[in-house]
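Have the viewer open while you read.

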Number of protein chains: 2
Amino acid sequence: MTVNAPTAHLNGVDRATLFATLDAVKAQPEIAKFQFRASNTWMSGTHSRSSFAGFFGATQEMEHRHVTVVDADHPVVLVGQDHAPTPVEYLLHAIAACMTAGLVNVASARRVPLRSVTSTVEGDIDLLGILGLGADEVRNGYQTIRVHFDIDADADETTVRELLEQSRRRSAVYDVLTNGTRVDIDVAVTAS
Amino acid sequence: MTVNAPTAHLNGVDRATLFATLDAVKAQPEIAKFQFRASNTWMSGTHSRSSFAGFFGATQEMEHRHVTVVDADHPVVLVGQDHAPTPVEYLLHAIAACMTAGLVNVASARRVPLRSVTSTVEGDIDLLGILGLGADEVRNGYQTIRVHFDIDADADETTVRELLEQSRRRSAVYDVLTNGTRVDIDVAVTAS
């Protein structure tokens, strides 16, 4: 008898590993301390490029399976060359991806099969803020971000809504975007 | 006499276009209202994919020159397949890219030639929060983000520090990450 077989993997999540990971963290909470990193290089104008390689977690230095490189730029209408999305658009990707990953994990833990999850994110921003042309009440960042999910699941609507709500409650990106976090900046200058 | 020639372009920024854009916004502030967007699709497990295509700005629908596609996943140690960086790592890219673009624009406006700008960003996060295993004081998101810039410029150190400080004051991503913003979530469920 293979008790776990029917739901050992669900929605692409290895449930046994998921629960084993939770147990490991309960037994040794310091393995939950992570540090993520990005390195960015200015290309030209408003165009820059970041790479993600290593991070710290589970008490050790770790490497991603692949180094990922992503660019950012401003669109032409904002005096850039539009080589890539704007920095603020990556915030929209981050919230969609974080809540989707959380939703899938929660669904898998609760044995809810998902068929599809898509989302669209919109962020409203008045550039009078960053251009320094607005009154004091015009902020630099997004005024509002809206996330719309379309979820097809083998469960009733109330169950699916609860999955999404639990994902929101445990989302790292949702927390940072709604509550803010401390950002320290320092600089080493080579001037000549 | 071509007055603007020596500094018409500086650091890859078309200064004439930069100032013309500022003038245009002063004359017609409603062109500064933008909406950025991302569309995300769940792939499997914690892996999802976003695309950036269109946005609204300058009173009209606009398209990026290229559609950009980026993925996110969890690392293997966090029960993912590590197809891509985590959602929270994209926040680090966003702050580095936003402050770099702002720095370059401010430097160009002030006629400061830049030689190189690189930055490294670190974000500390205790995953007890998102795992639901922490006490109430363990937040889901980053506890602190640190951005370190290395800037080589044809200017004295005080001038360069002021450029970076002005970039911080006008950064959309810095504002969102430090002050937070409203995030509304809704869902359409296909349940069966």
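## Ground rules

This is a predicted model, so to speak: local features need pLDDT of at least 70, side-chain atom pairs count only at pLDDT 80 or more, and totals for chains, interfaces and linings use all residues. Residues are numbered from 1 along each chain as its sequence is written, chains are lettered from A and ligands numbered from 1 in the order in which they are written, and side-chain values use heavy atoms, with hydrogens and water left out.

## A sheet built from both chains

Start with the open sheet of six strands that runs β5(A)-β4(A)-β3(A)-β6(B)-β7(B)-β8(A), with mixed pairing. Strands here are DSSP E runs of at least two residues, helices are H or I runs of at least four, and both are numbered from the N terminus; two strands pair if DSSP finds at least two bridges between them. At the edges sit β5 (60-72) and β8 (182-191) of chain A, each pairing on one side only. On average, neighbouring strands in this sheet are turned by 15° against each other, direction ignored. For angles, axes are lines fitted to C-alpha atoms (for helices, over the stretch in contact), and values run from 0 to 180 degrees between N-to-C directions.

Helix α3 (residues 157-169) of chain B packs on this sheet, touching β8 of chain A together with β7 (144-153) of chain B. Its direction makes about 150° with that of β8(A). Within chain A, β4 (residues 47-57) and β5(A) are antiparallel over nine bridges, and Gly57(A) has Gln60(A) as its bridge partner in β5(A).

Strands β3 (residues 33-44) and β4 (residues 47-57) of chain B run antiparallel and are joined by six bridges. Gln35(B) finds its bridge partner in Phe56(B) of β4(B).

## Where the chains meet

Counting contact as heavy atoms within 4.5 Å, 133 residues of chain A touch 133 residues of chain B. The buried area is about 11600 Å², with carbon and sulfur atoms giving 61%; that's the accessible area (1.4 Å probe) two parts lose on being put together, summed over both. In chain A, Phe36(A), Trp42(A) and His93(A) lose the most area to chain B, together 7% of what that side buries.

How many salt bridges link chain A and chain B? The count is four, where a salt bridge puts a side-chain nitrogen of Lys or Arg within 4 Å of a carboxyl oxygen of Asp or Glu. One salt bridge joins Lys33(B) and Asp126(A) (3.4 Å, N to O). Helix α2 (residues 87-109) of chain A gives the most to the side of chain A that touches chain B, with 16 residues.

## Salt bridges overall

Over all chains, the count comes to 24 salt bridges. One of them pairs Arg168(A) with Glu165(A), the closest N and O atoms being 2.6 Å apart. These residues are three apart in helix α3 (residues 157-169) of chain A, so about one helical turn separates Arg168(A) and Glu165(A).
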